[in-house]
Amino acid sequence: MIDIWIEKYRPKKLSEIVGQESNIRKIESFVKHRQLPHIILAGPAGTGKTTTAICTAIELFGEYWKENFLELNASNERGIDVIRENVKDFARIMPSNDLGFKIIFLDEADQLTPEAQAALRRTMEIYSSTTRFIFSCNYSSQIILPIQSRCVVMRFKPLRPEDMIKRIKIISESEGFQMDQDSLEAITEISEGDLRKALNILQTIKSSGELSATKIYEISGLANPKEFKSLISKAVSGLFEDSREMLDTMMIEHGLSGMDIIRGLHSAVRKEQISPKQKVQIIMALGEAEFRMVEGSSDLIQLDALLAKLAYIGQEFN
């Protein structure tokens, strides 16, 4: 049986969670004093929000944590019925532990409808003595203010590249293989601070048998950043036909969409050592092309127009 690495290597203790030191210290203090307020964990995917909630329950309740912890995914059950039935039913049950409270964890709570959130606020008031709520969300602003005011808000940030690389090295060594620096940098570049995504890429690349940065970009359906850098360089140098040919290769052979290319160019130009004025002009051109694509314009025409615009910018600054 093949284990899924994101579950196999999910931390079991708060101290094992990486990249969120400040938030973990606060929660460890709550656990130490055997007290827990309502909490909102806000931040991007793959940064440890769900794991933090589960580890908190494990450290508070020990082996009986599952009996004192209800996990619901609000993106699946986002209406008022889930609050009236699942949440209230669990909240009504008296806790079977010496702490005097249970935990209800609502994952992706920003997906709850406003009506469901309003009902939830009332439930929080009625059962505050026996139930603690932990919410996870991408955007805390999507949660109504009456709930926000009852919670301690903790903001989770994307993992730093050094934290990501350290964790990837530990897992790869545990699985009996090593990654070179180019491959490590490729995974951190693609995952953008999302450790869950990084582990999925790591497991896939191990299964493929080819441990290289090129293979990592291929598996992820992305082009190598060096290709985006080269594309910008050719376009700005006025080599329109060469850059157009390169663009065709990226779209046809790599299967990249127009939005993939825009995002790749944006990432590359932000790291490029060019004059600030030229960088501003290029980013504005990328933003305009993205807007037109979102509005329904042809990817091919907009990318052609973008390359022409970059050639014009290159002439303007020469």
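Me: How many residues does helix H5 have, and how far does it reach?
Reply: This is a predicted model. In it, H5 covers residues 114–126, which is 13 residues. From first C-alpha to last, H5 reaches 19 Å, close to the 18 Å expected at 1.5 Å a residue.

Me: Which residues in H5 are buried?
Reply: Ala116, Gln117, Ala119, Leu120, Thr123 and Met124.

Me: And where do they sit around the axis of H5?
Reply: The buried residues of H5 fall within an arc of 160 degrees, so they line one face of the helix.

Me: Why would residues spaced like that point the same way?
Reply: An α-helix has 3.6 residues a turn, so residues three or four places apart point the same way.

Me: New topic. What's the angle between H7 and H9?
Reply: About 35 degrees, with their axes 11 Å apart. H7 is residues 161–174, and H9 is residues 195–208.

Me: Is the crossing left-handed or right-handed?
Reply: H7 passes H9 in a right-handed crossing.

Me: Which residues meet there?
Reply: From H7, Met164, Arg167, Ile168, Ile171 and Ser172. From H9, Leu195, Ala198, Leu199 and Leu202.

Me: OK, on to the largest nonpolar core. Which residues touch the most other members?
Reply: Phe228, Leu265 and Leu306, out of 26 residues in that core.

Me: Which elements give two or more residues to it?
Reply: Helices H11, H12, H13, H14 and H15. H13 gives the most, with 6 residues.

Me: What is Leu306 in contact with, beyond its neighbours within four places in sequence?
Reply: Ile262, Leu265, Ala285, Leu286 and Ala289.

Me: Back to H11. Which of its residues are buried?
Reply: Phe228, Leu231, Ile232, Ala235 and Val236. They cover an arc of only 120 degrees around the axis, which puts them on the same side of H11.

Me: What do they pack against?
Reply: The buried residues of H11 pack against H12, H13, H14 and H15.

Me: Last bit, the whole chain. How many helices and strands?
Reply: The protein chain has 15 helices and 5 strands. Of its 318 residues, 46% count as buried.

Me: What size of box do the C-alpha atoms fill?
Reply: Roughly 70 × 45 × 35 Å, taken along the principal axes.

Note on methods
Residues are numbered from 1 along each chain as its sequence is written. This is a predicted model: local features need pLDDT of at least 70, side-chain atom pairs count only at pLDDT 80 or more; totals for chains, interfaces and linings use all residues. Side-chain values use heavy atoms; hydrogens and water are left out. A nonpolar core is a set of buried Ala, Val, Leu, Ile, Met, Phe, Trp, Tyr and Cys residues joined through side-chain atoms within 4.5 Å. Buried means under 20% relative accessible area, exposed over 50%, partly exposed in between (1.4 Å probe, protein chains only). Helices (H or I, at least four residues) and strands (E, at least two) are DSSP runs, numbered from the N terminus. Contact means heavy atoms within 4.5 Å. The arc is that of the directions from the helix axis to the C-beta atoms. Axes are lines fitted to C-alpha atoms, for helices over the stretch in contact, and angles run from 0 to 180 degrees between N-to-C directions. A crossing is left-handed if the near helix is turned anticlockwise from the far one by less than a right angle, and right-handed if clockwise. The expected span of a helix is 1.5 Å times one less than its number of residues.
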